[in-house]
Amino acid sequence: MKKFTALTIAGSDCSGGAGIQADIKTMTMNGVYAMSAVTALTAQNTTGVRDVMDITPAFLAAQLDAIFTDIYPDGIKIGMVSSAALVDVIAEKLTLYKAKHIVLDPVMVASSGAKLLSDEGIKALCEQLMPLAELVTPNIPEAEFLCGRKIKTQKDMEAAAQTIKEKFGCNVLLKGGHQTGEPNDFLLDKDGSRWFYGERIDNPNTHGTGCTLSSAIAAGLAKGLELEVAVEQAKKYISEALSAMLDLGAGSGPMDHAYWV
């Protein structure tokens, strides 16, 4: 029986709630063999980030070469990429190896609206990685940045997703969790559109939700699921992981990725 594989290209979270640690847990629990290419090392915990050290472009290239020439990934998730030089390497290698089922979580803007990536890095991500992606998963602040206007309503979300899809040539899952009310997400792809309605779970420990959702979708695509089904299953997984009410750390803690073990 074939074992499907998935690769996360992202930063490391030493406390395990987000980044490649969350991605590996998520991919494993969603039935694929998980691999990682690290873009940055972070010293962080549930209370915040203390320090960040970027991987060099040459070492990131070496990681990607090692993976693609031996255990070819059936799906890929891209998360934190902190510089234009690293974006260049990722785009070059994914194109070289004809990578498939790429899910891009465009980590560019914090919930506060503060930019997390330089203008040069954002430009490279938009021009080089978004056109390669099968799906991009922006939150509301990121989608506002990408489409150039404020998003307040569901109609605004639909219009923003259409703008992003037309501008960058990729399917879009616009996440509504940053809005007040229920965390409803809007998917726009080549076959049409669909709302995924969710119930807000009363759990303050939501560290790594974006990483987890995009990784679960990548795992589903790696297994051959249609995009809509992969999103639906990923939403169910993250809801159940939050509902397990894991409570670790002094700040916004992680969810329970292995809630059924």
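The chain folds into 8 helices and 9 strands, where helices (H or I, at least four residues) and strands (E, at least two) are DSSP runs numbered from the N terminus. Its radius of gyration, taken over C-alpha atoms, is 17 Å, close to the 18 Å that the globule rule gives for 261 residues, so the chain is as compact as a globular protein of that length; the rule is 2.2 Å times the number of residues to the power 0.38.

Before going further, keep in mind that this is a predicted model, in which local features need pLDDT of at least 70 and side-chain atom pairs count only at pLDDT 80 or more, while totals for chains, interfaces and linings use all residues. Residues are numbered from 1 along each chain as its sequence is written, and side-chain values use heavy atoms, with hydrogens and water left out.

Now for the sheet. It is an open one of 9 strands, with mixed pairing and the order β3-β2-β1-β4-β5-β6-β7-β8-β9; two strands pair if DSSP finds at least two bridges between them. At the edges sit β3 (48–54) and β9 (192–196), each pairing on one side only.

Strand β2 (residues 33–45) pairs with β3 in the antiparallel sense over 6 bridges, and a hairpin of 2 residues joins β2 to β3. N45 has G48 in β3 as its bridge partner. Of the 7 residues of β3, the number buried is 0, so this strand lies largely in the open. Buried here means under 20% relative accessible area, exposed over 50%, and partly exposed in between (1.4 Å probe, protein chains only). For the chain, 52% of the 261 residues count as buried.

Elsewhere in the sheet, β4 (residues 75–78) and β5 (residues 102–104) run parallel, joined by 3 bridges. I78 finds its bridge partner in L104 of β5. Helix α8 (residues 227–243) packs on the sheet too, touching β6, β7, β8 and β9, and its direction makes about 10° with that of β9. Contact means heavy atoms within 4.5 Å, and axes are lines fitted to C-alpha atoms, for helices over the stretch in contact, with angles running from 0 to 180 degrees between N-to-C directions.

Helix α7 (residues 209–222) lies across β1 (5–13), β4, β5, β6 (135–136), β7 (171–174) and β8 (185–189), running at about 165° to β4.

Finally, among the contacts in the chain with a separation of 6 or more, residues 24 or more positions apart account for 67%.
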